[in-house]
Amino acid sequence: MIRNIIFDFDSTIINAEGIELVIQNALQKIEEKERDDKLKQLREITNTVTNGEMPLSEAFHKRFALAEITLADVKAAAEKILETINPTVKETISALQSRGKSLFVFSTSFEQIVKPVAKELGISEENTFANRIRAQGNQVLGVNEKRPLFMSMGKVYIAEWLKNEGRLEGGDTAVVGDGFSDLAIRKNNIAQTFVYFSGANSRPNIKKQADFVVDRFDQLLPLFCSTEELSNESAEAFVISSPPEKEKIPQIILLENIHQSAKNRFIQSACNTEHYKVSWSEKELCTLAENANIIGLRSKTKLTAGVISCLPNLWAIGAFCIGTNQIDLTAATNSGLPVFNAPYSNTRSVAELVAGEVIMLMRRVIEKSSAAHQGKWLKGASGCTEIRGKTAGIIGYGHIGSQVSILLENLGMSVIFHDIADKLPLGNVRRAKDLHDVLTRSDVVTLHVPDTPETRGMIGKKEISMMKTGAFLINASRGQVIDLESLRDALIKKCISGAAVDVFPEEPAEPKAPFHSPLQNVPNVILTPHIGGSTQEAQENISRYVSEKLLRFINTGATIGAVNLPEIDLPRVPGTHRILHFHKNVPGVLAKINSVFARRDINVEGQILQARGTVGYLVVDVDSQISAHVFDIMKHIAETIKVRRII
Ligand code: NAI
């Protein structure tokens, strides 16, 4: 357990650099233009030295060279600092002291500034360390260069001296600060914990080496105290600046007229649900979806990296469709947002359309129907056949291809297939030797492959010429798979008898845009506007599938089916609360988190970790009595991306 806490003074206890304030006062005496230039130099010196890129002694000399400093400048800065101490700092310090913690203040600033503040906070003079001014009359010449805090490693030197004196005993030691010299105390193994305080400055290089990151003083209390210490009623009451977190009612926004059943499902599960018919622009998303925990969308709403960074309250994204191109998956991943879609909810719809088209093509229904509409009576049976006993060749025996095989086999066809992967044939379906084998043996060839460099243009002039004379070709997979000009030639020359095409290399972006294809007006060709998966049942399946995934994530943290994050599904343990922790996938995070728990005597009831790429996902179940404390700790672990508690 942490017993001793060393606080950096500048930009931690006070919201500024003490020496900078003194020099800023001194610079008031010179011309504005020159002053601005010197203030800029002053900031640069502070940043360079705090990042450990300049020796402290050199920084002192450079700073003192910027202005003529008087003791009055120091006094004025000290008074200003004393007036502006943040009440939360005072409350936290006194809460830590009343729980038996030994507190120290280390500062490279002047004693005249540091000591009054430490006294005001109740930190004893013997625990306060700062630099001593060297002055002549009213003029400040510099600092006493023989004292350790004049040197870059001065804070380490003092911490080591305290340790050797036996003044850092009774438990672990922690350092709170934002500088290289604060981090160095932990790196030299004098402290076991370094907490980066990201109040006034941003120092990513220091931050990434921290154990915890906080931006308010009150966030320190749960990191340094055990649950018993926190609930110790005899200790001074701690005023928490932000209200205690209650379990939130999830806020759901559904866009683009997602099937009503999704809305009903969320409402049944006590979620606040808004359902809109339209898609939202990036600007609308950033302003109107600020409080959303879940956004459900289809293909039109674009979730860019910029939009995702505007939505800090988001937990997950539901793509109520097949594709996820409209979402910046890298940004979603790096923000700890699982993306759920419905890749196979319209499989049956596509398979049924293909089965129907096989009959329509072999009976030349489209031709005869168009003629009938124009008052012609094409009753003849010439070129019209039953499908029973014919051979269907399926290219791509995945979800859709295998469903098509079942339907066609049940209609009396014999079915063969070609697939690059090893697939178990269903029913009496047979695997063909290769693509050539399927093309030469089939009366109808139907394509069900994904869009890959290998499948683009896989059916061209040569492949079509291998097909049986009078055969049929169907494509409801991806537009680039067939060369449509070659198909048109083969149809016009009557090498093949008909085709059905649902997907095209270029498809209109919206219903009113014109559509052009080389297959238009070619006899016995069915052209459909990418409707293979467009049925009410498919929409309902998608809606049910994605909303169930989202609800499981909301209620248990399960990420099974997420396209971008590690997949975890851990049953809930009665009497526990669950913490979901997305973190940067760097070596040793789990060991670090477990040692954080062990040091605070926190007993974990269950946990599971999975990592994928840049992100790790840890699910931890802890006793409900201590979950708020564990949640507070995990929020501030330096590698944390997102954390949520399920009560
Ligand atoms: P899937 O991934 O389950 O199956 C694809 C199969 O193709 C796999 O078995 C794979 O091994 C195989 N394959 C990949 N490359 C191949 C190659 N070069 N030669 C032979 N086989 C190859 O995909 P699913 O769900 O069956 O979808 C198939 C296609 O249908 C996809 O392109 C999808 O985009 C499209 N689709 C079209 C719809 C529409 O409205 N028309 C609706 C839904 C899907």
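Author: Helix α2 passes helix α5 in a right-handed crossing; a crossing is right-handed if the near helix is turned clockwise from the far one by less than a right angle, and left-handed if anticlockwise. Helices here are DSSP runs of H or I with at least four residues, strands are runs of E with at least two, and both are numbered from the N terminus. This is a predicted model, in which local features need pLDDT of at least 70 and side-chain atom pairs count only at pLDDT 80 or more, while totals for chains, interfaces and linings use all residues. Residues are numbered from 1 along each chain as its sequence is written, and side-chain values use heavy atoms, with hydrogens and water left out.

Two packed helices are described by the angle between their axes and the distance between the axes. For α2 (residues 18-27) and α5 (residues 71-83), the angle is about 125 degrees and the axes are 8 Å apart. The α2 helix is therefore oblique to α5. Axes are lines fitted to C-alpha atoms, for helices over the stretch in contact, and angles run from 0 to 180 degrees between N-to-C directions. Under 35 degrees counts as roughly parallel, over 145 as roughly antiparallel, 65 to 115 as roughly perpendicular, and the rest as oblique.

From α2, Gly18, Leu21, Val22, Asn25 and Ala26 meet Asp73, Val74, Ala76, Ala77 and Ile81 of α5, where contact means heavy atoms within 4.5 Å. Of the residues in this contact, seven are nonpolar, two polar and one charged. Ala, Val, Leu, Ile, Met, Phe, Trp, Tyr, Cys and Pro count as nonpolar, Asp, Glu, Lys and Arg as charged, and the others, Gly among them, as polar.

Next, helix α6 (residues 87-97). Its buried residues include Val89, Ile93 and Leu96; buried means under 20% relative accessible area, exposed over 50%, and partly exposed in between (1.4 Å probe, protein chains only). The buried residues of α6 pack against β1, α1, β2, α7 and α11.

Arg203 sits in the loop between β7 and α10. Arg203 is buried, at 2% relative accessible area. Beyond its neighbours within four places in sequence, Arg203 contacts Asn47, Thr50, Asn51, Asp178 and Tyr196.

Leu353, in helix α17 (residues 347-362), is partly exposed at 22% relative accessibility. Leu353 touches Asp502 and Gly532, not counting residues up to four places away in sequence.
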